[in-house]
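Hello! Here are a few notes to read alongside the model. Please keep the viewer open as you go through them.

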Amino acid sequence: MEWLIVFAAIAIGVCGVAWYSQEHLIFFPQPVAATVQLPAHIKPLEIVAADGVRLRGWLAKGTSAPAPTVIYFGGNAEEVSWTVADARWPREWTIVGVNYRGYGASEGVPGERELIADAPLIYDAVAQQEDIDRHRIGVFGRSLGTAIAAHLAAERPVAGAVLVSPFDSLTAIGKLHYPWLPVSLLLRHRFDALADAKRSQAPLLVIVGETDSIIPPERSRALFEAWAGPKDWQVVPGEEHNSLGASDMFWDRIARFLAQH
């Protein structure tokens, strides 16, 4: 009986720590370490959220006028300036990246409800920018950002969605990595992308790494199968979660998808 009491106390303690510290297990805010990577055509962008929090990021102006546009949502440990500045984006496209609350120079504290609510506001603000083709605004999500991009694709008329290493729900990912925890009971930030996938009619491109152990391809496939609109599936052989973007196949496939939409 004493051992049962000790075991129960440990289990309750572990669950309590997981409950109170889960924000630190999900979100890893990064500061703006440098801006030297930002060429002259990339300009700062500030958007005021519904609760007055100021979200800050960048807009890389495309060569077309009006320009088709991609709104980028990054991973849970990503400061987006480096991705916005990547030279491998199609040059005619305008690329927009706004750091999540608490990331980069954005104010506030990250949380599922807040990040999901901010996404449509970012879209609306981008649609009002000069030289933007409002009929060709696409969304791009990576890892955690795929749930936010999927929500935006269900809420706004996006021209297409690119989801890199997507997942069906954070609950499913949590169960995979913490099988000894009652994740369904503890998780407050669920990021249920599956529900939004079922509502979205936008064309979809999913790209996954063949050996991704953080978000295994079967979790990505679950979201892909639920997507209501036309969809394409691309596996990049031999690539892991964090090496996927180094592949030429990755960028070539994105360029072809964007050109079609």
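**Notes on the predicted model**

1. Let me start with Asp192, which counts as partly exposed at 41% relative accessibility (buried means under 20% relative accessible area, exposed over 50%, and partly exposed in between, with a 1.4 Å probe and protein chains only). Asp192 sits in the loop that links helix H6 (183-186) to helix H7 (193-197); helices here are DSSP runs of H or I with at least four residues, strands are runs of E with at least two, and both are numbered from the N terminus. Leaving out residues up to four places away in sequence, Asp192 touches Glu112, Asp168 and Ser169, where contact means heavy atoms within 4.5 Å. Between Asp192 and Leu25 the C-alpha distance is 17 Å, with 167 residues separating them in sequence.

2. A word on the ground rules. This is a predicted model, in which local features need pLDDT of at least 70 and side-chain atom pairs count only at pLDDT 80 or more, while totals for chains, interfaces and linings use all residues. Residues are numbered from 1 along each chain as its sequence is written, and side-chain values use heavy atoms, leaving out hydrogens and water.

3. Now the overall fold. The chain holds 9 helices and 8 strands. Its radius of gyration is 19 Å, close to the 18 Å of the globule rule for 261 residues, so the chain is as compact as a globular protein of that length (the radius is taken over C-alpha atoms, and the rule is 2.2 Å times the number of residues to the power 0.38). Of the 261 residues, 52% are buried. Among contacts with a separation of 6 or more, 72% join residues 24 or more positions apart.

4. Do have a look at helix H4 (residues 144-155), where 11 of the 12 residues are buried. Ile148 and His151 are among those buried residues. What do the buried residues of H4 pack against? Their partners are strand E3 (67-73), helix H3 (112-127), strand E5 (132-142), strand E6 (161-164) and H7.

5. Beyond its neighbours within four places in sequence, Ile122 contacts Ile47, Leu55, Ile71, Phe73 and Val98.
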